[in-house]
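Dear colleague,

Please find the structure that I am handing over to you below. My notes on it follow directly after.

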Amino acid sequence: STLSSSSAASDVYKRQGWVYGTKSPGHEFAMKLASQDLLVQSLISSHGINGLCFPLIATIDYRGFRLLATSLLPISSSSIVYGSSDLGASVHNHNTQVDTTMKELAQKLNVKEHVVHDTPLAAPGDAEVHLGRDGRFYILNVSRYFPLDVSSVQHQNLRSGGSVFLRPEFVVSNSVPLCSDAYSGWQSKDPNRNTHNQEVKEACERLHKRILVEYAEHLNYDKILSLDAKN
């Protein structure tokens, strides 16, 4: 559950160790990412973006482990046209049609375009779009589409398992687009990385200091009304 199934990254992962976790496997976070991938794939498909296809995906829980099962796609390690499948060793954006489509998707999800290792992307660096042998474009590995909640104690280490992602509904409602790769090494060469981080930080502060507080007060008010009605 902690080894990558991405199309071209297996050799890189073998050299660097566990995909999620540091000195030991991070099963918990691997399980989170499997569920997150299914959530985001479903969300993207619901927008009906013309020109993007998706694998069939199912999560399978068995004896404390979670598997992410996907249909076989007509792609290979050399078919990627957008994003990175090797932890950023190479980043692709060389298809005008896909670039336009991904910008359209980013606008719908309120996700900010940024620079990943000198390449502009409107998606997280490790998302992938492949040109299949059937002539269709397939998007996969989308679990990190929405930014980290930087109030999470261990947000500095994405692979540690302590991180959580902002809900899609919250990101879409934010007043400015948010960068998927904020507070991560994927944007290390982006000259605007500090701005990306600050925007995500401000969004998280609004969530925790205003929205959640107001909602808690609302729930408490409803409880008081309910008790008064019984009396």
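Helix α2 (residues 27–46) supplies the largest share of the lining of the second largest pocket, namely four residues. Helices here are DSSP runs of H or I of at least four residues, and strands are runs of E of at least two, both numbered from the N terminus. A pocket is an open set of points on a 1 Å grid over the protein atoms alone, where a 1.4 Å probe fits, with protein on both sides within 12 Å along at least five of seven lines; lining residues have an atom within 4 Å of a point.

This is a predicted model, in which local features need pLDDT of at least 70 and side-chain atom pairs count only at 80 or more, while totals for chains, interfaces and linings use all residues. Residues are numbered from 1 along each chain as its sequence is written, and side-chain values use heavy atoms, without hydrogens and water.

Among the 10 lining residues of the second largest pocket, Gln-36, Val-164, Phe-165, Leu-166 and Arg-167 are the closest to its centre.

Arg-144 belongs to the loop between β8 (137–140) and α4 (168–173).

The average pLDDT, the predictor's confidence in each residue from 0 to 100, is 84 for the chain.

With kind regards
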